[in-house]
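Open the model in your viewer and keep the selection tool ready. The stops below say what to pick next and what is there.

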Amino acid sequence: NAGTEADVYICIYGERGDTGSRQLLRSQKPKKFLKGEVDTFAVEAVHLGHLGKVVIGHNGLGSGNGWFLDKVVIKDPVTNVDYTFLCHRWLDQGQDDGNIARELTVTDASTFPGRQELELKRREAWAAEKWKFQEGNTLQFYNKLTSGFLCLSPDSRVDALGDKKNKYGKVFFMWVYE
């Protein structure tokens, strides 16, 4: 469910202005915004100079309108420069922070290449795992070194023995190796 059937809009900002909000209509593929796919669009505009940010989002309409956007890459046909805008987040009222539009700044490859992508991967991992830390859940960590469990209970108790038969219904095991 990472694709969307909603209408997607983008506004591109550069040092000489912006494009205004434009609907992305004609992909080079017959069906656009599908999970795991790359779509290519032509957006006609005056030359904006060096690009700094984009605002991309959708109208939230249609079934399955939530969308997971990895990144936006804009190729400037005048300068032949590629601008990458990393997102790696949901545009979905029921996921992540509930926003269906994102403001993305250009990734500067000259400073710490991959650092921003690494931070986005870290955020993605936390977004996928944070549900385990919700109220009422018990966590048990296995320590390979001691062959024992460390149990974190909803009532703030820490049990170094990690009794597997506890009164809390949801127990999640996380294998920690050192």
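Select threonine 19 and show its neighbours. Leaving out residues up to four places away in sequence, threonine 19 touches Ile10, Cys11, Ile12, Ala45 and Leu48. Is threonine 19 buried or exposed? Its relative accessible area is 12%, so threonine 19 is buried, the cut-off being under 20%. Colour by secondary structure and find the loop between strand E2 (17-18) and strand E3 (22-23): threonine 19 lies there. Keep in mind throughout that this is a predicted model.

**The whole chain**

Zoom out. Trace the elements from the N terminus and they read β-β-β-β-β-β-β-α-β-β-β-β. Of the 178 residues in the protein, 30% are buried. Now consider the contacts between residues at least 6 apart in sequence: 51% of them join residues at least 24 apart.

**The largest nonpolar core**

Hide the surface and select Ile56, Leu69, Val72, Phe85 and Leu104. Which set do they belong to? They are part of the largest nonpolar core, which has 18 residues, and these five touch the most other members. Next, highlight strand E1 (8-14), strand E4 (51-58), strand E5 (67-76) and strand E6 (81-91). Each of these elements gives two or more residues to the core.

**Leucine 104**

Stay with leucine 104 and centre on it. Its place is in strand E7 (residues 101-105). How accessible is leucine 104? Its relative accessibility is 5%, so leucine 104 counts as buried. Show the contacts, again without residues up to four places away in sequence. Leucine 104 touches Gly52, Lys53, Val54, Ile56, Leu69, Val72, Phe85, Leu86 and Cys87. Pick valine 54 from that list. Draw a distance between the C-alpha atoms of leucine 104 and valine 54: they are separated by 5.3 Å, while the two residues are 50 residues apart along the chain.

**The aromatic cluster**

Now turn to the rings. The structure holds three aromatic pairs. Select phenylalanine 33 and phenylalanine 41: this pair is stacked, at 5.5 Å centre to centre with 20° between the planes. Ring pairs link Phe33, Phe41 and Trp67 into a cluster.

Colour the three by accessibility. Phenylalanine 33, at 5% relative accessibility, counts as buried. Tryptophan 67 is buried too, at 7% relative accessibility. Phenylalanine 41 counts as partly exposed, at 22% relative accessibility.

**Last stop: a charge over a ring**

Select lysine 53, one of the residues that leucine 104 touches. What lies over the face of tyrosine 13? Lysine 53 does, at 4.6 Å from the ring centre. Turn the view until you look along the ring plane of tyrosine 13, with lysine 53 over its face.

Technical notes:
Residues numbered from 1 in each chain as written. Predicted model: local features only at pLDDT ≥ 70, side-chain atom pairs only at ≥ 80, totals over all residues. Heavy atoms only, no water. Helix = DSSP H or I, 4+ residues; strand = E, 2+ residues; numbered from the N terminus. Buried < 20%, exposed > 50% of the residue type's maximum accessible area, 1.4 Å probe, protein only. Contact = heavy atoms within 4.5 Å. Core = buried A, V, L, I, M, F, W, Y, C linked by side-chain atoms within 4.5 Å. Phe/Tyr/Trp six-rings, centres within 6.5 Å; stacked < 30°, edge-to-face > 60°. Lys NZ or Arg CZ within 6 Å of the ring centre and 35° of its normal.
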